[in-house]
Amino acid sequence: MNVKVQLSVVWLVFLCLVPILHVLATLCTTPKHGPEGVVKRGLTVLKAGFQFPFAGGPRTLVFQALSWILLCISLLIGKGAIQIPCWDGYSLTPEGIPPCGLWTDDDIFSLHVYNVLGAMALFSAPMSVAFMVKSILVFDPKSASHRRGMTGTRAWWWRQWKDAQQTIEWDVSCLPSKLTASYVVVILGLLWSLVGVGLLFAQPLHGGLGTPLGTACYIFSVICFILSAFTIHGLGGLLRHTSKVDSESDDISGSFPVGDAQRLTRSRQGQWKFWMPFKGGAIFVATQATGWVLMSSALAVLFVMIAVAITRTAEFAQNFIYFQMHSLTITAGVTALIAECVLALSLLFFNARNLVRGKEPISTIWHRVSQGAQHVLVMSILYIPMHITLAVIVSSFFIVQPLTALVLWIGILPIYYMATGIGFAEKTGSREWPAFQKWLGGEAERVLPMWFGSLSVQVEQGATFHPDQSYVFGYLPHGLYPLGAAYLPILPSFRNLFPDIKPATLSASIVFQLPVLRDLLLWTGLREVTRSTFKRTLRERKSLILVPGGQAELVETHKFPRQSWLKASSTSGHCAFYSGHKGFVRLALQEGAHLVPIIVFGEVTSLRNFIDTPRLHRWTYKVLGFPLPYLIGGKFGVLPFPSRHGLKFIIGRPIKPPCLHGELPTEEQVSHYHEIFYNNARDLWNEHRKNFPGYENIEAILV
């Protein structure tokens, strides 16, 4: 079976699906207690089939009309197109010319026309099916508005809807709920985006940008992306965020008190609308803005490509920078797909109560937009700087030739490291940015509770701190991503508790090798954890924070109960503290610094490793120095943002060091204070775990 026959079969299957879906929807919504007898029952179903488009509201009517129109178009243009021998276009050379040189220009032109018509027929058939599915999902006999004084087409539609309502009692119990329908619509929209990306990848197989069929692939992909955006944002949001309004409206009918009338009015004002500028909540506005900006950028690139083809400048694309333009097109398609995913994600953050506050002044609107933008920026800085850097590096290999991109990165990165490493900033902290720390700390304390559910910093009762003394704060447990150790000292709540103590956080040297993340850490005041940096920081700042367990403790994270990864529970389990490192205790005693345990609740369960293989992690840690595979996710199980489990920092009592009189501590002293530190940390965990939901039965152990 050749390609032409395969595509013809697919085309016929889609054409048959449209009437089949219409008949199934009619059978499901027609009452089962209708007239007796096969003939009467059949006539009732037949009548219901004709009245179905008019009975479900204006959206059902529009989608039904589009479905049947596209079906007819596909039949008309596809009937002749599938009869030509080269309809699939695969028998042409990459330039769109038949291999046989005996064909005339008219034959070649006719062949291109039939190829494009065949592609249109094949493209129209699934579109027809999609609109039929949408018409069924939005079918609602109660959605027509009871208005008077309508004329023309609206009056005719009203009469048709009224007749359908009077003759048939539609049963919608078999149809999915609006919430379920919204998920189906969003999936349908994402499928359209995947089709659009697939067309861009398949475009070179049809002759490239310079051929009519290749240009048609660009046009069809643009249509796919536009349909996907309108499907996800328009119809998906409408179905998801009007189900509550409709249920509330059903409860308030007939004559009702003034209070209920006002409640219904506010409910209707809070309905989803396609155009809602700066409304729906700060997170919703920020994600919507991101999605539409990405979508606009991708469509702009694709429109330029189409203009190049239509103006017959395709030779420039094919002969000079064809590869670069095709790579740019693929990047635009992937960007459009990411934009659709962002738009789908934004539906989860829509806040209908935000729509009923009335008109706000421009200053208030811009303030809320600014807050939303800062929210997105803060979470991006804290949780996805590595993802953004990797995305930029990978996309560069699609925008330009891979060899060119490789040469550029080889030339740029050494210059970047030389420029950002002036003054040995990772050892001296010379690139600290106080203004950035103040902004990030304040915004983090405002934003993180929205993700974690709560955020608090507490000091153990009876603990006293003096600014003229030195402190080494030990942060436990390490978990998968001990980000709290980095931003804890810049949180306003921490600085209010310790106004004269400003510790610097020491981190593994590997994190300072990653572009962008390196700069963010240096601006925040982090330094690499080495013996010389440890002593230098204590003498300059008199305090520091480090994670004593290190990556060895990261490997032990699997001991935490699995049930607590996704949902806080009272499942019993263990939280492992790795106590094999004594170097920080020895250095603290040498410098006369107090040891202070810091316990964090909620951070371990905010993220999870998708591939949890303890043995493999231990082996890769011993061989490579870092546990692999390392692929973390949190929110909704897949996003790299923290899930909602709460976040609490408990700062313990300082452990006073011995008076050494300039001598080095003995091994017995190091072991003694090492044991005191970890015993205090374990007791601090076990004492406060009962006050943190989900951690009541999780006991700290030393490994």
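Colleague: Let me start with Glu432. What is its relative accessibility?

Modeller: Glu432 counts as partly exposed. Here, buried means under 20% relative accessible area, exposed means over 50%, and partly exposed lies in between (1.4 Å probe, protein chains only). This is a predicted model, where local features need pLDDT of at least 70 and side-chain atom pairs count only at pLDDT 80 or more, while totals for chains, interfaces and linings use all residues. For Glu432, the relative accessibility is 23%.

Colleague: Which residue does Glu432 meet in a salt bridge?

Modeller: Side chains of opposite charge can pair when their charged atoms come close. A salt bridge needs a side-chain nitrogen of Lys or Arg within 4 Å of a carboxyl oxygen of Asp or Glu. Here the gap is 2.6 Å, N to O, and the partner of Glu432 is Arg541.

Colleague: How many residues apart are the members of that pair, Glu432 and Arg541?

Modeller: Helices (H or I, at least four residues) and strands (E, at least two) are DSSP runs, numbered from the N terminus. Residues are numbered from 1 along each chain as its sequence is written, and side-chain values use heavy atoms, with hydrogens and water left out. Glu432 sits in the loop between α15 and α16, and Arg541 in helix α20 (residues 531–541). The pair links distant parts of the chain, and the separation is 109 residues.

Colleague: How many salt bridges does a search of the whole structure find?

Modeller: The search applies the nitrogen-to-oxygen rule to the side chains. It covers the whole structure, and the total is 11.

Colleague: Which parts of the chain does the pair of Lys427 and Glu528 tie together?

Modeller: The two side chains meet in a salt bridge at 2.5 Å, N to O. They lie 101 residues apart in sequence, so the bridge ties together helix α15 (residues 425–428) and strand β4 (residues 527–528).

Colleague: How many residues apart in sequence are Glu460 and Arg653?

Modeller: Glu460 and Arg653 form a salt bridge, with their closest N and O atoms 3.1 Å apart. Glu460 lies in the loop between β1 (455–459) and β2 (471–476). Arg653 lies in the loop between β10 and α26 (667–688), so the bridge ties together parts separated by 193 residues.

Colleague: Which residues do salt bridges that share partners join into one network?

Modeller: Bridges can share partners. The network they build here joins Glu432, Arg527, Arg536, Glu540 and Arg541.

Colleague: Now the rings. How many aromatic pairs are there?

Modeller: Rings of Phe, Tyr and Trp (its six-membered ring) pair if their centres lie within 6.5 Å. Planes under 30 degrees apart count as stacked, over 60 as edge-to-face and the rest as tilted. By this rule the count is 29.

Colleague: What is the geometry of the pair of Phe436 and Trp523?

Modeller: The centres are 5.5 Å apart, with 70° between the planes. Phe436 is in helix α16 (residues 434–452) and Trp523 in helix α19 (residues 517–524), 87 residues apart. Phe436 is buried at 9% relative accessibility, while Trp523 is partly exposed at 24%. By its angle the pair is edge-to-face.

Colleague: What span is expected for helix α6 (residues 178–202)?

Modeller: The expected span is 1.5 Å times one less than the number of residues. Helix α6 has 25 residues. From first C-alpha to last it reaches 36 Å, close to the expected 36 Å.

Colleague: Where does Phe636 lie?

Modeller: Phe636 has a relative accessible area of 48%, so it is partly exposed. Its place is the loop between β9 (632–633) and β10 (647–651).
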